[in-house]
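Welcome, and please take a moment to look over the structure shown below.

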Amino acid sequence: MTTVNAYASFAADQPLAPTTIERREVGPHDVLIDIKFAGICHSDIHTARAEWGEPTNRPIVVGHEIAGIVSEVGSEVSKHKVGDRVGVGCMVNSCRECENCQAGMEQYCLKGMTGTYDAIDVDGNPTAGGYSTAIVVTEDFVLRIPEGIELDAAAPLLCAGVTLFSPLARFGAGPGKKVAIIGLGGLGHMGVKIAHAMGAEVTVLSQSLKKQEDGLRLGADHYYATSDDETFASLKGSFDLIVNTVSANLPMDSYLGLLKAEGTLVEVGAPEKPMPISAFSLIGGGKTLAGSMIGGIAQTQEMLDFCAEHHLGAEIEVIGADKINEAWERVVASDVRYRFVIDTSTFDN
Ligand code: NAP
Ligand code: ZN
């Protein structure tokens, strides 16, 4: 066991605080990663604040956008070597045998994938995430970060990047397709960059026009404020594909009205409460409402390679340990441009 520094949530209504955690010994198929950067995903906040129910274990160390350097490998490891630039996303294992795992959809493992945090690891201990200085992960769930993407800008790709890449690829975002991204936050800004790189015509639907200049710079062709009712009237029936990244409840019927006939709205945001939908919003126009959760391991690697090829990283604000709690408040207030990334070298507790 190795003791490492970490930041943990001790209670839903308390700020994160420094602590230490134990990492398991490096087994034959394991990789020890010296974590350099960890992105702050809104899911970290939903989890720690018990917005999806009380997490399995406290204190809980969150963080599933991990970028670092391999510092030790087990005797049987063939995919990674000491010194490699690597990443870990939202999962650290799955059964690998069920139909979904076999099809490369480990995130939908029928026995339940092992989350990077809030799950039980192979050694029977709770998993603990990226707000820490090192992690031990089985080699198959460790991704290669290509040269050409800085490690800090790469970290958010491990969750935000793949969460948008996967549905955009699945529903054919590309030339001739009109794609709208709802919410220009951590996920949304990667959606704009990736959909643009795929060749789609991209529209941002944001609460206000405050971030319009950024949205256009990131690759959007159009930008609208959803606080303006005129937006819903003028864009009625416009989009082939809409991806909703918003962390709060939205009036879904209004957004379904923005789809073309047989268009698809993909939900990736994960708000605390259910969102009602009228049957008529779907049947009128033959619309599809879909969902998507991160991506499989092979697809995550494909996304990283795609981002390297297109020179896409996240737009980040790198912070030290002393700013994590403040950053969380800013994420909740939609005041993030566009992902906070923690420099874990500041964890000197
Ligand atoms: P984020 O950085 O906070 O971005 C969410 C954006 O939604 C905000 O920047 C804001 O954009 C918009 N928004 C927030 N509150 C709103 C409100 N009340 N009404 C309308 N718009 C609002 O969060 P994130 O890290 O991108 O995560 C977004 C959601 O996706 C979270 O619920 C998270 O748990 C979930 N998630 C899902 C997956 C998955 O696999 N499906 C993966 C990761 C995260 P504007 O200011 O532009 O309006
Ligand atoms: Zn996430």
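## Before we start

This is a predicted model, in which local features need pLDDT of at least 70 and side-chain atom pairs count only at pLDDT 80 or more, while totals for chains, interfaces and linings use all residues. Residues are numbered from 1 along each chain as its sequence is written, chains are lettered from A and ligands numbered from 1 in the order in which they are written, and side-chain values use heavy atoms, with hydrogens and water left out.

## The zinc site

Let us begin with the metal. Cys41 (SG), His64 (NE2) and Cys159 (SG) coordinate the zinc ion (ligand 2), at 2.0 to 2.2 Å. Donors here are N, O and S atoms within 2.8 Å of the metal (3.2 Å for Na, K and Ca), and because water is not among the atoms, sites may look incomplete. Along the sequence, the donor residues of this zinc ion follow the spacing C-x22-H-x94-C. Histidine 64 sits in the loop between α1 (42–48) and β4 (66–73), and cysteine 159 in the loop between α3 (151–154) and α4 (160–170), so the pair ties together parts that are 95 residues apart in sequence. Helices (H or I, at least four residues) and strands (E, at least two) are DSSP runs, numbered from the N terminus.

Both histidine 64 and cysteine 159 are buried. Buried means under 20% relative accessible area, exposed means over 50%, and partly exposed lies in between (1.4 Å probe, protein chains only).

## Around ligand 1

Ligand 1 is surrounded by 30 residues, and the closest are His42, Leu184, Ser206, Lys211 and Arg339. A residue counts as near a molecule or strand if one of its heavy atoms lies within 4 Å of it.

Some polar contacts can be picked out here. Histidine 42 has a polar side-chain atom 2.7 Å from an oxygen atom of ligand 1, and a polar side-chain atom of lysine 211 is also 2.7 Å from an oxygen atom of ligand 1. Serine 292 uses its backbone instead: one of its backbone N or O atoms lies 2.9 Å from a nitrogen atom of ligand 1. A polar contact is a pair of N or O atoms within 3.5 Å; within protein, one must be able to donate a hydrogen and the other to accept it, and residues adjacent in sequence count only if both atoms are side-chain atoms.

## A buried histidine

Histidine 189 belongs to helix α5 (residues 186–198). With 0% relative accessibility, histidine 189 counts as buried. A polar atom of its side chain lies 3.0 Å from the backbone nitrogen of glutamate 315.

## The cavity

Rolling a probe the size of a water molecule over the atoms shows where empty space is left. On a 1 Å grid over the protein atoms alone, a cavity is a set of points where a 1.4 Å probe fits but cannot get out, and a pocket is an open set with protein on both sides within 12 Å along at least five of seven lines; lining residues have an atom within 4 Å of a point. Grid points are joined across faces, edges and corners, and a volume is the space filled by probe spheres set on the points.

How many cavities of 30 Å³ or more does the structure hold? There is 1, and the largest cavity has about 70 Å³ of space. Its lining includes Val162, Ile294 and Thr300. By class, 7 lining residues are nonpolar, 3 are polar and none is charged. Ala, Val, Leu, Ile, Met, Phe, Trp, Tyr, Cys and Pro count as nonpolar, Asp, Glu, Lys and Arg as charged, and the others, Gly among them, as polar.

Threonine 300 lies in helix α10 and, at 4% relative accessibility, counts as buried. Isoleucine 294, in the loop between β15 (288–291) and α10 (297–309), is buried at 8% relative accessibility. Its phi is near 30°, a positive value in a residue other than glycine.

## Backbone details

A cis peptide bond links arginine 58 to proline 59, with omega about -10°. Proline 59 is in the loop between α1 and β4.
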